[in-house]
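Good morning, and thank you for coming. Please look at the sequence and the structure while I speak.

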Amino acid sequence: MKKAVCPGTYDPITNGHLDIIRRGLEIFDEVIVAVAKNPKKMPLFSLEERLELIHGSVKGRQNVRVDAFDGLLVDYVRSNNGIAIIRGLRAISDFEYEFQMALMNRRLDSDIETVFMMPSEEYSYLTSTIVKEVVSFGGSVKDLVPEVVEKALRQKFRVI
């Protein structure tokens, strides 16, 4: 069974993330959505809330597992018998950082590949940060995030 890990902060998960996960399942037998605990980013949603939102967003999808991790990503991938890391690239600006991370991960464990995937065109500009900002000002993010996420965002920002 070929397993890949799709890591991220997922604060919150968007339809762009789900697009990458869905397409990752076309290549791999299982995709583990691994939520980084990373407190340095000061997420809007707690780790538990992010995990719950992801579970609600991937409900009914076969061969998707949701988990949290802390520490080196390659150690997590190895401990879950993964063979690859899936990373989404939206724009050229993402590439430099992701390229550096992929090279460091390869140095740490040359048996784990990094697979870069471009999101569908409709999500190429979409980030969790943009979604949070739009909702904070009362804007609609319908069709950009799962319904469960939109509801949670509106509750966080007390927007009806």
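This is a predicted model: local features need pLDDT of at least 70, side-chain atom pairs count only at pLDDT 80 or more; totals for chains, interfaces and linings use all residues.

Let us begin with helix H1, which covers residues 15-24. Of its 10 residues, 8 are buried, so the helix is largely enclosed by the rest of the structure. The buried ones are Asn 15, Gly 16, Leu 18, Asp 19, Ile 20, Ile 21, Arg 23 and Gly 24. What covers them? The cover includes strands S1 (3-8), S2 (30-36), S3 (64-69), S4 (84-88) and S5 (113-117), together with helix H2 (47-58).

Is Tyr 10 buried or exposed? With a relative accessible area of 3%, Tyr 10 is buried. Pro 12 lies in that loop as well, and the peptide bond joining Asp 11 and Pro 12 is cis, with omega about 0 degrees. For those new to the subject, most residues other than glycine have a negative phi, and most peptide bonds are trans.

I turn now to H2. This helix has 12 residues and reaches 17 Å from its first C-alpha to its last, close to the 16 Å expected at 1.5 Å a residue. Which residues of H2 are buried? They are Leu 47, Arg 50, Leu 51, Leu 53, Ile 54, Ser 57 and Val 58. Seen down the axis of H2, the buried residues fall within an arc of 165 degrees, so they line one face of the helix. The buried residues of H2 pack against H1, S2, S3 and helix H6 (147-156). On the other side of H2, Glu 48 and Glu 52 are exposed. Just after H2 comes Gly 60, with a positive phi of about 90 degrees.

Next, the strands. S1 and S4 run parallel and are joined by 2 bridges, with Val 5 standing opposite Ile 85 in S4. S4 also pairs with S5 in the parallel sense, over 5 bridges, and Ala 84 stands opposite Glu 113 in S5. Together, S4, helix H4 (residues 92-108) and S5 make a right-handed β-α-β unit.

Asn 81 is in the loop between helix H3 (73-79) and S4. Although not a glycine, Asn 81 has a positive phi of about 55 degrees, and at 57% relative accessibility it counts as exposed.

The loop between S5 and helix H5 (128-136) holds Glu 121, which is exposed, with a relative accessible area of 72%. Thr 127 lies in the loop between S5 and H5 too, but at 17% relative accessibility Thr 127 counts as buried. A polar atom of the Thr 127 side chain lies 3.0 Å from the backbone nitrogen of Ile 130. Leaving aside residues up to four places away in sequence, Thr 127 touches Thr 14 and Arg 90.

Thank you for your attention.

Conventions
Residues are numbered from 1 along each chain as its sequence is written. Side-chain values use heavy atoms; hydrogens and water are left out. Buried means under 20% relative accessible area, exposed over 50%, partly exposed in between (1.4 Å probe, protein chains only). Helices (H or I, at least four residues) and strands (E, at least two) are DSSP runs, numbered from the N terminus. Contact means heavy atoms within 4.5 Å. The expected span of a helix is 1.5 Å times one less than its number of residues. The arc is that of the directions from the helix axis to the C-beta atoms. Two strands pair if DSSP finds at least two bridges between them. A crossover is right-handed if, with the strands pointing away from the viewer, the path from the first strand over the helix to the second runs clockwise. A polar contact is a pair of N or O atoms within 3.5 Å; within protein, one must be able to donate a hydrogen and the other to accept it, and residues adjacent in sequence count only if both atoms are side-chain atoms.
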